[in-house]
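Please look over the sequence and the model before reading the points below.

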Amino acid sequence: MANRPTKRKRKVPMLKVDEMQKTSNESVNAMTRSFEGATKATQAITAEIADYTRRSFEHGAKTMEKLVGAKSPDKAFEVQTEYARAAYESYVSYATNLCQLYVDLGREAFRSYQDLTAKLTPNHH
């Protein structure tokens with residue numbers, strides 16, 4: 001008869017109940033901190049979008065006033081050119097700020113989980 005392979009039982013360390021409770025509490029705390037950080041970052045994003053929208057509308061309204069008051073086609077073209085340049089620069093600045101805010105959102109959302117993982121991961125130095 002062929003020898004059957006024997007199954008070896010692995011010894012798995014059992015966590016104590018208090019260690020499991022502590023880990024569970026830390027996990028809940030990490031989740032709560034994550035939501036708090038994400039909420040603050042989302043509020044900053046919302047404020048940036050609202051501010052940009054307000055500034056953009058005001059700039060457009062002022063440009064329309066200037067266009068209506070333009071005395072010549074050359075002056076109207078100058079107003080439009082100035083508006084296009086300023087709108088482009090404003091948008092690039094807005095997009096850059098918004099991008100950074102989204103990066104911050106991601107960073108904030110996962111920071112507490114990184115901290116928790118660092119606590120739970122044994123250090124083998």
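Arg 54 is partly exposed, at a relative accessible area of 40%; buried means under 20% relative accessible area, exposed over 50%, and partly exposed in between (1.4 Å probe, protein chains only). The model is predicted, so local features need pLDDT of at least 70 and side-chain atom pairs count only at pLDDT 80 or more, while totals for chains, interfaces and linings use all residues. Residues are numbered from 1 along each chain as its sequence is written, and side-chain values use heavy atoms, with hydrogens and water left out.

**Salt bridges**

- Seven salt bridges are counted, a salt bridge being a side-chain nitrogen of Lys or Arg within 4 Å of a carboxyl oxygen of Asp or Glu.
- One of them joins the side chains of Arg 54 and Glu 58, at 3.2 Å from N to O.
- Both Arg 54 and Glu 58 belong to helix α1, four residues apart, which is about one turn of the helix; helices are DSSP runs (H or I, at least four residues), numbered from the N terminus.
- Glu 58 is partly exposed, with 37% relative accessibility.
- A network of salt bridges links Asp 51, Arg 54, Arg 55 and Glu 58.
- Lys 66 and Glu 82 also form a salt bridge, with their closest N and O atoms 3.5 Å apart.
- Because Lys 66 lies in helix α1 and Glu 82 in helix α2, this pair ties together parts that are 16 residues apart in sequence.
- Lys 66 is partly exposed at 45% relative accessibility, and Glu 82 is partly exposed at 36%.
- Within helix α2, Lys 75 and Glu 78 lie three residues apart, about one turn of the helix, and their side chains meet in a salt bridge of 3.5 Å, N to O.
- Lys 75 counts as partly exposed at 38% relative accessibility, as does Glu 78 at 45%.

**Aromatic pairs**

- A search of the whole structure gives three aromatic pairs; rings of Phe, Tyr and Trp (its six-membered ring) pair if their centres lie within 6.5 Å, and planes under 30 degrees apart count as stacked, over 60 as edge-to-face and the rest as tilted.
- Tyr 52 and Tyr 91 make an edge-to-face pair, because their ring centres are 6.3 Å apart and their planes stand at 65°.
- This pair links distant parts of the chain, with Tyr 52 in helix α1 and Tyr 91 in helix α2 (residues 73–120), 39 residues apart.
- Tyr 52 is buried at 15% relative accessibility, whereas Tyr 91 is partly exposed at 46%.
- The rings of Tyr 52 and Tyr 94 are stacked, because their centres are 3.9 Å apart and their planes are at 15°.
- Tyr 94 lies in helix α2, 42 residues from Tyr 52, and is buried with a relative accessible area of 11%.
- Ring pairs join Tyr 52, Tyr 91 and Tyr 94 into a cluster.

**Contacts of Leu 105**

- Leu 105 is located in helix α2.
- Beyond its neighbours within four places in sequence, Leu 105 is in contact with Ala 38, Ala 41, Thr 42 and Ile 45, where contact means heavy atoms within 4.5 Å.
- Leu 105 and Ala 44 are 61 residues apart along the chain, and their C-alpha atoms are separated by 9.3 Å.

**Position of Val 28**

- Val 28 is part of helix α1 (residues 17–68).
- Val 28 is partly exposed, at a relative accessible area of 41%.

Methods
Helix = DSSP H or I, 4+ residues; strand = E, 2+ residues; numbered from the N terminus.
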